[in-house]
Amino acid sequence: MKASYLGSMGYAHRRDFPLTWPTPPSYNDPAVSVQSYQDGMEECEFAEEMGFEWVSFSEHHYSGRIATGTPAVMAAAVAERCKKVKIAMLGPLLPLNNPVRAAEELTLLDNITNGRLVMGFLRGTPNEDQVYGVNPAEGRGRMLEGMDLILKAMTEPQPFAWEGRYYQFRTVAVWPRPVQRPYPAALVATRSDDTVQYAAKRGLGLGVSFLPLDQTAQITDKYRQWCDDAGWTPQPEQMVFRGSIYLAETDQQAQDWFDRQVNQGRAPGMALRSSVSQVIQATRDGQEVDYRNVFAGSASGDIVGGAPGLTFVGGPDKVFKEIKAYRDRCGMGVVDLFFQQPTLTHGDIMAELDLFGREVLPRLKEL
């Protein structure tokens with residue numbers, strides 16, 4: 001089993017932020033921001049040194065907690081520092097992006113990294129839609145059409161026209177071609193049946209984020225059945241689980257830390273007020289929705305829905321067993337981990353990475 005470090009590049013003083021989204025720009029100090037990105041890149045380098053095989057990036061907007069509104073820029077910077085890890089673009093958010101531009105960024109990254117790119121396609125959450133004024137009701141359709149267009153743009157050797165429901169282009173001719181043929185390793189990060197089926201039918205991998213084991217298993221069971229129906233079997237590296245983590249020397253130390261967050265009103269997940277499905281339905285019904293207290297980029301990082309709190313909390317033995325359960329029950333071959341909890345310093349995260357690299361990762365690699 002492989003481990004991936006989520007390069008969220010959180011602002012160092014994120015512990016001082018309000019619990020809501022968006023993060024007011026008034027909280028940003030340029031000197032702190034510059035140092036925060038340097039710290040984040042150092043964490044990526046150290047993760048590679050400790051044996052992580054992927055570093056991942058996600059697209060989030062108006063948030064100092066996951067400060068990667070343009071993840072391709074961040075990925076390119078880290079790729080110049082980290083020479084061995086896979087660079088996993090588990091974004092872009094397709095409804096927000098021109099698919100041709102996304103294809104150009106992804107193929108360029110695959111060339112910059114000499115074929116180390118992993119690409120993931122995401123729908124995103126409704127609060128992100130308002131950043132660029134996208135109609136949330138169109139999100140699913142834009143994602144499906146965007147994936148089709150990106151994959152065609154990466155593989156079609158001649159210029160072509162595109163006449164879709166959401167996108168129309170007289171000419172598409174993406175340069176450069178990807179290093180990996182026919183295109184870089186690709187997965188769909190989703191929970192919805194239609195996009196899970198899309199991934200299975202097209203031989204793409206699956207990503208699931210921040211869900212409890214039983215809910216994750218319901219999704220992966222369907223995915224593997226649909227893959228079987230399509231006549232192929234996904235490899236372990238094509239099934240990715242993203243979760244939040246707090247690792248300490250002992251279970252008690254980890255629990256004490258978590259209890260302090262609860263007492264201070266800072267426990268990950270506490271800012272959530274509704275599920276994704278409820279808010280999508282409310283939007284379609286024309287109801288007013290206060291997105292600020294609901295979704296990605298709040299104090300809960302990019303945890304959306306599911307059970308509040310962290311996915312993995314404990315000492316090395318407990319965390320190893322919890323991660324292993326996702327591998328044994330769901331077939332996950334990669335675990336993508338969000339270490340940058342709101343109250344932690346750069347030093348805290350480096351210490352966690354060191355402990356994870358020494359006490360957990362070698363055992364995962366043996367699975």
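By class, the lining of the second largest pocket comprises 11 nonpolar residues, 11 polar residues and no charged ones. The model described here is a predicted one, and in it this second largest pocket holds about 280 Å³ of space. Its lining is made up of 22 residues, and those lying nearest the centre of the pocket are Thr 23, Asn 28, Ser 63, Gly 64 and Ala 67.

The packing of the helices was examined next. Helix H2, which spans residues 71-81, packs with H3 at an angle of about 5 degrees, and the axes of the two helices are 10 Å apart. Because angles under 35 degrees count as roughly parallel, H2 is described as roughly parallel to H3.

The crossing in which H3 passes H5 is right-handed. From H3, the contact is made by Pro 99, Val 100, Ala 102, Ala 103, Leu 106 and Thr 107, and from H5 it is made by Gly 146, Leu 149, Ile 150, Ala 153 and Met 154. The classes represented in the contact of H3 with H5 are nine nonpolar and two polar residues, with no charged residues.

Several features of the backbone were also noted. In general, most residues other than glycine have a negative phi, and most peptide bonds are trans. Met 9, although not a glycine, has a positive phi of about 55 degrees, and this residue lies in the loop between strand E1 (2-6) and helix H1 (30-50). The peptide bond that runs from Trp 175 to Pro 176 is cis, with omega near -10 degrees, and Pro 176 is found in the loop between strand E6 (168-172) and strand E7 (185-189). A cis peptide bond also runs from Arg 181 to Pro 182, with omega near 5 degrees, and Pro 182 lies in the loop between E6 and E7.

Conventions: Residues numbered from 1 in each chain as written. Predicted model: local features only at pLDDT ≥ 70, side-chain atom pairs only at ≥ 80, totals over all residues. Heavy atoms only, no water. 1 Å grid on protein atoms, 1.4 Å probe; cavity = no way out; pocket = protein on both sides within 12 Å on 5 of 7 lines; lining within 4 Å. Points joined across faces, edges and corners; volume = space filled by probe spheres on them. Nonpolar A, V, L, I, M, F, W, Y, C, P; charged D, E, K, R; others polar. Left-handed = near helix turned anticlockwise from the far one by under 90°. Helix = DSSP H or I, 4+ residues; strand = E, 2+ residues; numbered from the N terminus. Contact = heavy atoms within 4.5 Å. Axes fitted to C-alpha atoms, helices over the stretch in contact; angles between N-to-C directions. Parallel < 35°, antiparallel > 145°, perpendicular 65-115°, else oblique.
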